[in-house]
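Welcome! Please look at the sequence and the model first, then try each task before reading on.

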Amino acid sequence: MTGALGTAAALPHQAMAPVTERGFKDVLANLPSGVTVLTTSETDGTAPAGMTASAVCSLSLDPPMILACAANHSRTLARIRTTGVLAVNVLRENQAHLARRFANPRLGQDTRFAATAHRLEDGLPVLDDALAWLTCAVQAAHPGGDHTILTAEVRRLGLGGGHPLLWHNRTFRTLA
């Protein structure tokens with residue numbers, strides 16, 4: 001065989017191993033994902049909250065819906081449950097600093113947003129210069145182990161230019 005498929009097929013297979021937390025993380029670290037910041041706020045734009053998330057994907061075209069996962073202990077998830085709305089901010093390749101800021105549990109929400117340029121769309125914080133953004137109304141929250149799976153209908157969206165920030169093998173990457 002030739003080409004990329006031939007190369008992949010020629011790689012040696014590793015022996016099966018029991019599922020451990022470390023092994024699970026090691027395997028899934030090989031799955032690249034986009035990097036987003038989920039945000040919410042009160043309907044008047046006050047009390048903004050945000051968190052970094054890489055488990056976000058499209059769910060439905062009719063109606064347009066997304067799926068997002070958040071850790072059960074997340075302060076932002078608690079706020080999303082209260083408000084029933086969220087914005088998905090897709091980060092650009094040069095915004096790893098924002099991903100780190102919104103992932104840092106030691107930073108309060110006020111600190112995260114005071115140092116981050118943003119505006120309100122549909123009453124929700126949207127990060128300036130995000131590659132793309134969606135505002136959504138949460139339809140359901142489902143248990144998913146130590147995370148909660150949110151399904152949400154898209155209300156508005158915006159798209160800029162550029163390239164996405166990626167998370168792969170426990171580090172930020174960009175498209176080549």
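**Exercise 1. Find the distance between the side chains of Arg 119 and Glu 121, and decide how each residue is classed by accessibility.**

Step 1. Keep in mind that this is a predicted model. In it, the side chains of Arg 119 and Glu 121 form a salt bridge, with N and O 3.0 Å apart.

Step 2. A salt bridge calls for a nitrogen of Lys or Arg within 4 Å of a carboxyl oxygen of Asp or Glu, so the pair qualifies. Side chains of opposite charge can pair when their charged atoms come close.

Step 3. Now turn to accessibility. Arg 119 has a relative accessibility of 32%, so this residue counts as partly exposed. Glu 121 has 14%, and buried means under 20%, so Glu 121 counts as buried.

**Exercise 2. Work out which salt bridges Asp 122 makes with Arg 155 and Arg 156, and where these residues sit.**

Step 1. Start with Arg 155. Asp 122 forms a salt bridge with Arg 155, and their closest N and O atoms are 3.6 Å apart. This pair links distant parts of the chain, since Asp 122 is in the loop between β7 (118–121) and β8 (124–127) while Arg 155 is in strand β10, 33 residues apart.

Step 2. Go on to Arg 156. The side chain of Asp 122 also meets that of Arg 156 in a salt bridge, at 3.9 Å from N to O. Here too distant parts of the chain are linked: Arg 156 is in strand β10, 34 residues apart from Asp 122.

Step 3. Salt bridges that share partners join Arg 119, Glu 121, Asp 122, Asp 128, Arg 155 and Arg 156 into one network. For the whole structure, a search finds eight salt bridges.

Step 4. Asp 122 is partly exposed at 34%, Arg 155 is partly exposed at 41%, and Arg 156 is partly exposed at 38%.

**Exercise 3. Describe the two sides of helix α3, then look at its start and what comes just after it.**

Step 1. List the buried residues. In α3 (75–83), Thr 76, Leu 77 and Ile 80 are buried. They lie on the same side of α3, because they cover an arc of only 100 degrees around the axis.

Step 2. Look at the other side of α3. There, Arg 81 and Thr 82 are exposed.

Step 3. Go to the start of the helix. Ser 74 is in the loop between β5 and α3, and this residue counts as buried at 13% relative accessibility. A side-chain oxygen of Ser 74 comes within 3.1 Å of the backbone nitrogen of Thr 76.

Step 4. Arg 75 counts as partly exposed, with 43% relative accessibility. The C-alpha atom of Arg 75 is 22 Å from that of Gly 34, and the two residues are 41 apart along the chain.

Step 5. Finish beyond the helix. Just after α3, Gly 84 has a positive phi of about 75 degrees.

**Exercise 4. Describe the largest pocket by its volume and its lining.**

Step 1. Take the volume: the largest pocket holds about 1,400 Å³ of space.

Step 2. Take the lining. It has 35 residues, and nearest the centre are Ala 53, Ser 54, Ala 55, His 147 and Trp 167.

Step 3. Sort the lining by class: 17 residues are nonpolar, eleven are polar and seven are charged.

Step 4. Trace the lining back to the elements. Those that each give at least two residues include α2 (21–28), β3 (49–53), α3 and β11 (165–168).

Conventions. Residues are numbered from 1 along each chain as its sequence is written. This is a predicted model: local features need pLDDT of at least 70, side-chain atom pairs count only at pLDDT 80 or more; totals for chains, interfaces and linings use all residues. Side-chain values use heavy atoms; hydrogens and water are left out. On a 1 Å grid over the protein atoms alone, a cavity is a set of points where a 1.4 Å probe fits but cannot get out, and a pocket is an open set with protein on both sides within 12 Å along at least five of seven lines; lining residues have an atom within 4 Å of a point. Grid points are joined across faces, edges and corners, and a volume is the space filled by probe spheres set on the points. Helices (H or I, at least four residues) and strands (E, at least two) are DSSP runs, numbered from the N terminus. Ala, Val, Leu, Ile, Met, Phe, Trp, Tyr, Cys and Pro count as nonpolar, Asp, Glu, Lys and Arg as charged, and the others, Gly among them, as polar. Buried means under 20% relative accessible area, exposed over 50%, partly exposed in between (1.4 Å probe, protein chains only). The arc is that of the directions from the helix axis to the C-beta atoms. A polar contact is a pair of N or O atoms within 3.5 Å; within protein, one must be able to donate a hydrogen and the other to accept it, and residues adjacent in sequence count only if both atoms are side-chain atoms.
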